[in-house]
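Work through the exercises below with the chain open in a viewer. Try each task before reading its solution.

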Amino acid sequence: MTDDTGRPIAVFDLDNTLADTAHRQHFLESRPKDWDGFFAAAPADPPLAEGVALVLASARDCEVVYLTGRPERCRRDTLEWLAAQGLPEGRLHMRRDADRRPARFTKVATLRRLARDREVRFLVDDDELVCDDAERAGFEVVRARWAAKSAALQDAQEREGRT
């Protein structure tokens, strides 16, 4: 990790912001949902060019921080995926394995913690409810609308607190 003390922070979501999850959505459409399969397939996510370009541009002026609803047990795969895409190193905030709160609660709480010590320049996220709550909390938001929307993923984020 680099010491970026004093630089503002640019916060990036992963799923459908930097990583295209379309190939693994089918795991969430079955009943019951196959969470193990969904997360096991994450290392094969193709990168989303728009998100990658924004991370690389942001890293010139900001410390990059990754904020995902993925569970902690996916840390190694996630760090390897970020490195394989050539993305900047940065702190990775993940959901505790047993945490089932909606992403809009967990992510805004993390943003508030980050903002205690540093300026959060902006959050980039695809989840409209996360974006809405972050804006209401006073954060600048870039809405990642470059990936196909998935009702199954939205349900997982909001109702099941899984990603």
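The exercises that follow go from the whole chain to single residues.

This is a predicted model, in which local features need pLDDT of at least 70 and side-chain atom pairs count only at pLDDT 80 or more, while totals for chains, interfaces and linings use all residues. Residues are numbered from 1 along each chain as its sequence is written, and side-chain values use heavy atoms, with hydrogens and water left out.

**Exercise 1. The fold in outline**

Solution. 
- Step 1. Count the elements. Helices (H or I, at least four residues) and strands (E, at least two) are DSSP runs, numbered from the N terminus.
- Step 2. Check burial. Of the 163 residues, 53% are buried. Buried means under 20% relative accessible area, exposed over 50%, and partly exposed in between (1.4 Å probe, protein chains only).
- Step 3. Check contacts, meaning heavy atoms within 4.5 Å. Among contacts with a separation of 6 or more, 72% join residues 24 or more positions apart.

**Exercise 2. The largest pocket**

Task: find which elements line the largest pocket, and classify its lining residues.

Solution. 
- Step 1. Take the volume. It is about 170 Å³ for the largest pocket. Grid points are joined across faces, edges and corners, and the volume is the space filled by probe spheres set on the points. A pocket is an open set of points on a 1 Å grid over the protein atoms alone, where a 1.4 Å probe fits, with protein on both sides within 12 Å along at least five of seven lines; lining residues have an atom within 4 Å of a point.
- Step 2. Find the centre. Of the 14 lining residues, Met 94, Arg 95, Thr 106, Thr 110 and Arg 113 are the closest to it.
- Step 3. Assign the elements. β2 (63-71), β3 (91-95) and α5 (103-117) each give two or more residues. The largest share, 5 residues, comes from α5.
- Step 4. Sort by class. The lining has 3 nonpolar, 5 polar and 6 charged residues. Ala, Val, Leu, Ile, Met, Phe, Trp, Tyr, Cys and Pro count as nonpolar, Asp, Glu, Lys and Arg as charged, and the others, Gly among them, as polar.

**Exercise 3. Asp 125 and helix α6**

Task: decide whether Asp 125 is buried or exposed, then follow the chain into α6.

Solution. 
- Step 1. Asp 125 is in strand β4 (residues 120-125).
- Step 2. Read its accessibility. At 0% relative accessible area, Asp 125 is buried.
- Step 3. List partners. Beyond four places in sequence, Asp 125 touches residues including Asp 13, Thr 17, Lys 107 and Arg 143.
- Step 4. Look at the start of α6. The Asp 125 side chain reaches the backbone nitrogen of Asp 127 at 2.8 Å. A side-chain oxygen of Asp 127 in turn comes within 2.9 Å of the backbone nitrogen of Leu 129.
- Step 5. Inspect α6 (residues 128-136). Val 130, Cys 131, Asp 133 and Ala 134 are buried there. The buried residues of α6 pack against α5, β4 and β5 (141-143).
- Step 6. Go just past α6. Gly 138 has a positive phi of about 100 degrees.

**Exercise 4. Backbone exceptions**

Task: describe the backbone at Asn 16 and between Arg 31 and Pro 32.

Solution. 
- Step 1. Recall the background. Most residues other than glycine have a negative phi, and most peptide bonds are trans.
- Step 2. Check Asn 16. Its phi is positive, near 65 degrees. Asn 16 lies in the loop between β1 (9-12) and α1, and is buried at 3% relative accessible area.
- Step 3. Check Pro 32. The peptide bond from Arg 31 to Pro 32 is cis, with omega near -5 degrees. Pro 32 sits in the loop between α1 (26-29) and α2 (35-40).

**Exercise 5. Lys 149**

Task: is Lys 149 buried or exposed, and what does Lys 149 touch?

Solution. 
- Step 1. Read the value. Lys 149 counts as exposed because its relative accessibility is 55%.
- Step 2. List contacts beyond four places in sequence. Lys 149 touches Asp 126, Glu 128 and Ala 144.

Key: A polar contact is a pair of N or O atoms within 3.5 Å; within protein, one must be able to donate a hydrogen and the other to accept it, and residues adjacent in sequence count only if both atoms are side-chain atoms.
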